[in-house]
Amino acid sequence: LLAMAAVTAFVCVFLLFKVRTIEVTGDQVYDPSAILELCGYQEGDNLALLTTGEQEAALEEQLPYVEDAQILRHFPSGLEIHIPAAQQSACVQSGSQWFIISGKGKILEEATQPLEGVMQITGLTLKDPVVGSTLQVEDASVQQALETILSTLVDLGGVGEFTALDLTDLYNITMNYQDRIRFQLGSTVELAYKINYGLNLVTGRENQEYIGSDETGTLDLSLAGDTKQAYFTEEVLSSSSTSESGDTGTDSSGGED
């Protein structure tokens with residue numbers, strides 16, 4: 001019985017599970033032939049014994065717009081290389097250069113000017129930025145704040161809604177929503193909560209009272225983590241650059257002070 005089991009296992013592993021089809025799926029950001037060449041897979045390879053971890057890492061490191069590559073075995077003879085494309089989430093200024101990054105902080109490309117319609121981040125001092133690697137900031141506190149903000153925007157689906165982020169002062173972090181609402185976030189304390197709270201107010205999520213789509217001004221969220229309130233100062237700009245303003249406080253249920 002043991003001998004029969006061994007022979008059966010040998011036949012299944014070494015003779016039956018041969019790669020017959022290799023398919024590249026997902027976002028077509030690179031030519032499939034380039035992906036196949038980088039992975040090094042060929043028809044006839046043993047499906048059960050193929051390595052995948054090294055190939056996934058190579059795809060993500062050498063092809064900047066590949067993020068979270070997955071190589072899947074489909075027994076008895078199929079191999080799938082799934083390529084999710086990294087999305088352009090922000091531009092980071094470093095000297096005269098700009099680096100376009102994904103929501104996970106991966107550097108996608110280098111440019112001489114920021115991309116239109118992509119959030120511009122200022123106030124960072126980068127550490128040896130290289131296309132294809134993860135963005136590194138010299139100050140660890142700034143790095144953590146940046147990662148928190150990016151991951152929060154990705155989770156909330158708000159990446160494309162913001163046009164600017166200033167991390168020059170970690171006690172006075174600011175973001176611009178649609179070039180009309182200035183989020184004044186204050187310090188790094190409860191950053192994710194304050195961003196979520198602010199988005200609820202400008203989009204009307206969770207049935208809250210919200211700021212109209214035609215309004216402009218500053219939304220003070222600096223104390224929202226403690227008080228569960230934000231204060232909006234409306235600014236109506238005229239041709240003579242004068243402004244009118246008024247303050248309102250909004251609690252977590254949407255009421256006004």
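## Packing around α4

Which elements do the buried residues of α4 pack against? They pack against strands β4 (90–94), β5 (97–101), β7 (119–122), β8 and β9, and against helix α5. The model is a predicted one.

The buried residues of α4 are Val142, Gln143, Ala145, Leu146, Ile149, Leu150, Thr152 and Leu153. The helix covers residues 140–156. Its 17 residues should span 24 Å at 1.5 Å a residue, and the end C-alpha atoms are 24 Å apart, so expectation and model agree.

## The ends of α4

Asp139 caps the N-terminal end of α4. A side-chain oxygen of Asp139 lies 2.8 Å from the backbone nitrogen of Ser141. After the helix comes Gly157. The phi of Gly157 is positive, near 70 degrees.

## Thr152

Thr152 lies in α4. Is Thr152 buried or exposed? Its relative accessible area is 8%, which is under the 20% cut-off, so Thr152 counts as buried.

The side chain of Thr152 reaches the backbone oxygen of Thr148 at 2.7 Å. Setting aside neighbours within four places in sequence, Thr152 is in contact with Ala192 and Ile195.

## Helix α5

Helix α5 runs over residues 191–203. Its 13 residues should span 18 Å at 1.5 Å a residue; the end C-alpha atoms are 18 Å apart, so the two values agree. Gly204 follows α5, with a positive phi near 80 degrees.

The buried residues in α5 are Leu191, Lys194, Ile195, Tyr197, Gly198, Leu199, Asn200, Leu201 and Val202. Elsewhere, a charge meets a ring: the charged end of Lys228 sits over the ring of Tyr193, 5.2 Å from the ring centre.

## Aromatic pairs

How many aromatic pairs does the structure hold? There are five. In one of them, Phe162 and Tyr177 have ring centres 5.4 Å apart. Their planes stand at 70 degrees, over the 60-degree cut-off, so this pair is edge-to-face. The pair links distant parts of the chain, 15 residues apart. Phe162 is in strand β8 (residues 162–166), and Tyr177 is in strand β9 (residues 173–177).

Tyr177 also pairs with Phe183. This pair is stacked, at 6.0 Å centre to centre and with 25 degrees between the planes.

## Nonpolar cores

The largest nonpolar core has 39 residues. Which of its residues touch the most other members? They are Ile121, Leu124, Leu167, Met175, Phe183 and Leu219.

Ile121 has contacts with Ala90, Cys91, Val92, Gln93, Trp98, Ile101, Leu146, Leu165 and Leu167, leaving aside neighbours within four places in sequence. Leu146 is one of the buried residues of α4. A second, separate core has 15 residues, including Cys39, Leu50, Ile71 and Leu79.

## The chain as a whole

The chain has six helices and 13 strands. Of its 257 residues, 37% count as buried. Among contacts between residues at least 6 apart in sequence, 47% join residues at least 24 apart.

How values were computed
Residues are numbered from 1 along each chain as its sequence is written. Side-chain values use heavy atoms; hydrogens and water are left out. Helices (H or I, at least four residues) and strands (E, at least two) are DSSP runs, numbered from the N terminus. The expected span of a helix is 1.5 Å times one less than its number of residues. Buried means under 20% relative accessible area, exposed over 50%, partly exposed in between (1.4 Å probe, protein chains only). Rings of Phe, Tyr and Trp (its six-membered ring) pair if their centres lie within 6.5 Å; planes under 30 degrees apart count as stacked, over 60 as edge-to-face and the rest as tilted. A charge sits over a ring if NZ of Lys or CZ of Arg is within 6 Å of the ring centre and within 35 degrees of the ring normal. Contact means heavy atoms within 4.5 Å. A polar contact is a pair of N or O atoms within 3.5 Å; within protein, one must be able to donate a hydrogen and the other to accept it, and residues adjacent in sequence count only if both atoms are side-chain atoms. A nonpolar core is a set of buried Ala, Val, Leu, Ile, Met, Phe, Trp, Tyr and Cys residues joined through side-chain atoms within 4.5 Å.
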